[in-house]
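Dear colleague,

Please find below the structure that I am handing over to you, together with its sequence.

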Amino acid sequence: MKTIGCFVILLALFAACSAPVDETERKINDLLSRMTTEEKIGQLFQVSLDNTVDERALQAIREGKMGSVINVVNPAVANTLQKAAVEESRMGIPIIFGRDVIHGFKTLAPIPLGQAASFDPQLIHDCARMSAVEARSVGIHWTFAPMLDIARDARWGRIAEGFGEDPYLTARLGVASIQGFQADGQLADSHALAACAKHFAGYGAAEGGRDYNTSNIPPLLWRNVYLTPFEHAVSAGVATVMVSFNDNDGIPSSSNKELVKTILRDDWHFDGLVVSDWTSMDEMIAHGVAKDLKDVALLSIDAGLDMEMVSPAYLLHLAELVKEGKVPETAIDNAVRNILRIKFRMGLFDRPYTDTSVPPAFYTEESLQLARKAAVESAILLKNDGDLLPLSETQKIAVIGPMADAPHDQLGTWCFDGDKTHTVTPVGALKGEYRHINYIYEPALAYSRDKNTARFDNARRAAAAADVAVVFVGEEAILSGEAHSLSNLNLIGVQSDLLKAVKSAGKPVVLVVMAGRPLTIERDLPCADAVLYNFHPGTMGGPAILDLLFGRANPSGKLPVTVVREAGQIPLYYNHNNTGRPAPDKVTTLDEIPLEAGQTSLGNTSFYLDSGRDPLFPFGYGLSYSSFEYSNLTLPGQMPADGAITIKATITNSSRTDGTEVAQLYVRDMVASVARPVKELKGFQRVWLKAGETKEIAFELTASDLAFFGRDLVRKIEPGEFTVWVGGDSNAQLKGVFSIPK
Ligand code: BGC
């Protein structure tokens with residue numbers, strides 16, 4: 001045994017010595033050894049430029065004072081700037097060009113929250129790939145996506161930009177997105193974008209859903225929920241991480257050393273680039289943790305931020321701080337190393353320029369088909385009374401509402417570069433591919449906030465003259481996204497009144513929502529026989545929605561967020577802890593409370609008197625034109641503490657329509673050293689079933705999937721009993737138990 005042990009050690013030593021000293025690190029060290037402090041600091045500066053060549057910018061680049069540029073999308077301009085960096089600056093270090101390419105560059109897929117509803121990692125991967133190919137063709141190297149913030153508050157406008165409320169779903173889709181952007185680990189591919197896991201961390205927990213606000217996430221929640229997707233992103237090789245604007249418990253992320261140095265670098269071994277958010281560093285003055293920009297520079301370099309997005313604290317003060325002995329030069333070297341590493345990994349030293357001889361290919365047939373597929377998979381059927389949907393193509397349709405033909409708004413937030421003239425709206429599709437449909441179009445409102453009811457009579461008449469009315473409502477793009485929080489989540493303006501007016505015509509009504517967030521539509525449900533919910537569906541939203549309405553496609557989207565009944569229920573999410581007094585399934589409603597009822601007569605459990613215990617629609621929910629039945633849950637009774645089990649169930653498509661079901665696996669750790677969520681998503685898969693078909697599905701659950709951070713902030717698996725559920729949403733009923741023995 002001893003000899004074998006020695007041999008193995010010798011072999012390992014030999015391998016270590018003969019392994020090529022990392023060539024990239026060698027090149028980085030060589031560059032660093034030749035750079036002045038000012039040139040190093042220049043690498044840490046990201047500047048926002050427009051698409052013109054600015055002589056001052058060129059000069060700064062020649063002097064080595066600009067490591068990165070954001071917002072240039074003109075390849076000729078990018079090449080001119082790059083030439084100044086590569087051929088006219090002393091060190092010849094290429095610029096890395098960044099841009100927010102969030103759900104597409106030109107061709108826009110649904111907003112990320114919509115993509116999340118597909119529960120389809122491959123789709124998310126492909127959409128990111130498409131975005132990367134388009135964006136890279138104009139000289140962009142780096143996107144600030146995916147956003148991995150857990151969002152449990154629909155008032156927060158940026159809920160649109162992430163994958164919803166669940167850390168497992170966000171982690172899986174985030175990894176898929178990173179792999180898509182980064183060409184499956186081929187960062188040097190000329191069609192790859194460096195991805196950026198943002199916003200590190202806790203930004204989605206902004207108080208009251210007000211953007212940029214303080215979060216107060218305690219240590220266990222921090223690690224078990226909010227940091228989880230980032231850890232997965234790092235393991236998947238994300239090139240960059242962006243810190244967030246918010247302060248968590250008083251510490252702005254731009255100065256959070258524990259977050260960036262201890263957790264991200266030391267614990268997770270991240271060796272990529274950490275960038276600030278847009279002026280998030282200098283905003284520490286407003287936060288009241290820095291007195292001036294010099295203070296800002298000191299705090300952020302000490303916390304481990306490598307690059308400063310647009311504010312000039314590093315540029316103006318780092319050199320001085322080094323001279324004063326307050327910042328060691330090695331801190332700057334480390335930041336430069338992280339930046340150069342990404343530039344090398346992207347192959348920018350070898351191929352700094354964008355080939356302008358090949359015209360960029362935007363809106364290709366392939367991209368449009370993908371955007372359409374994504375919009376189809378992202379739509380969620382919330383209601384379908386009497387199987388009103390799918391409609392027959394021979395029915396006469398009244399097409400009503402401000403979102404039926406809203407080419408700009410349908411694209412959603414973050415579409416800096418998308419061109420609305422390429423958007424196909426539902427009305428656009430009715431004039432094109434679906435022109436055989438007999439329809440009357442009456443927008444009734446010019447846009448979602450429009451309060452002019454003058455055309456409501458026309459809308460009612462249109463509905464009366466048709467077999468069915470389809471009412472397109474929702475939110476203009478500007479009502480969600482960054483800095484677009486809302487306190488009231490009802491359909492904005494008079495859209496609910498429009499729906500009522502249409503309903504009064506007495507015809508069946510389909511409500512089609514296009515919005516940036518889950519809206520509180522409970523009051524609208526009585527006026528809608530069917531509801532198809534779309535988070536802003538992007539360039540091809542129109543044909544995708546018609547495919548679904550007419551049954552050429554079958555809805556399969558599931559809610560990546562809980563839909564609340566009232567904004568006052570927020571936060572309400574499926575994976576909450578139990579209270580000591582969980583409410584029963586049936587709680588007393590306001591109307592049922594007797595007059596002068598006794599103080600304790602309602603049972604003293606946790607619910608709202610006016611909106612109950614439950615949301616309007618639970619996480620994971622979504623209907624289909626097919627119906628799926630789950631049965632035969634089988635699983636072993638025990639899981640070894642270092643092993644895995646296979647959980648099997650049977651799904652039957654008991655309808656006459658082929659369809660896809662997103663089967664979901666939930667788990668609860670029944671007794672642990674700290675209170676654990678009532679259930680947590682631990683697996684999902686899209687299962688295609690022909691009409692009448694039965695399939696067995698299997699989920700692999702490993703013990704490490706059950707690990708969590710306890711009081712000591714160490715992640716571990718605690719033996720004991722676990723409950724599992726398999727089903728089509730977070731209220732899944734098929735239930736079993738297993739245990740991990742001591
Ligand atoms: C946002 C980031 C974005 C950056 C650059 C900021 O305001 O918070 O998510 O990447 O701007 O546009």
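In these notes, buried means under 20% relative accessible area, exposed means over 50%, and partly exposed covers the range in between (1.4 Å probe, protein chains only). The model is predicted, so local features need pLDDT of at least 70 and side-chain atom pairs count only at pLDDT 80 or more, while totals for chains, interfaces and linings use all residues. Residues are numbered from 1 along each chain as its sequence is written, and side-chain values use heavy atoms, with hydrogens and water left out.

Helices (H or I, at least four residues) and strands (E, at least two) are DSSP runs, numbered from the N terminus.

Two strands are taken to pair if DSSP finds at least two bridges between them. E15 pairs in the parallel sense with E14 (residues 468-474) over 6 bridges, and Val 471 stands opposite Leu 511. E15 also runs parallel to E16 (residues 530-535), to which 6 bridges join it; here Ala 515 stands opposite Phe 535. E14, helix H19 (residues 495-503) and E15 make a right-handed β-α-β unit (with the strands pointing away from the viewer, the path from the first strand over the helix to the second runs clockwise).

I turn next to the salt bridges. A salt bridge is a side-chain nitrogen of Lys or Arg within 4 Å of a carboxyl oxygen of Asp or Glu, and a search of the whole structure finds 46 of them.

Arg 517 forms one with Glu 475, their closest N and O atoms being 2.5 Å apart. Arg 517 lies in the loop between E15 and E16 and Glu 475 in the loop between E14 and H19, so the pair ties together parts that are 42 residues apart in sequence. Arg 517 is buried at 0% relative accessibility, and Glu 475 is buried at 2%.

Glu 522 forms a salt bridge with Arg 565, at 3.0 Å between the closest N and O atoms. Both are partly exposed: Glu 522 has 27% relative accessibility and Arg 565 has 23%.

Yours sincerely
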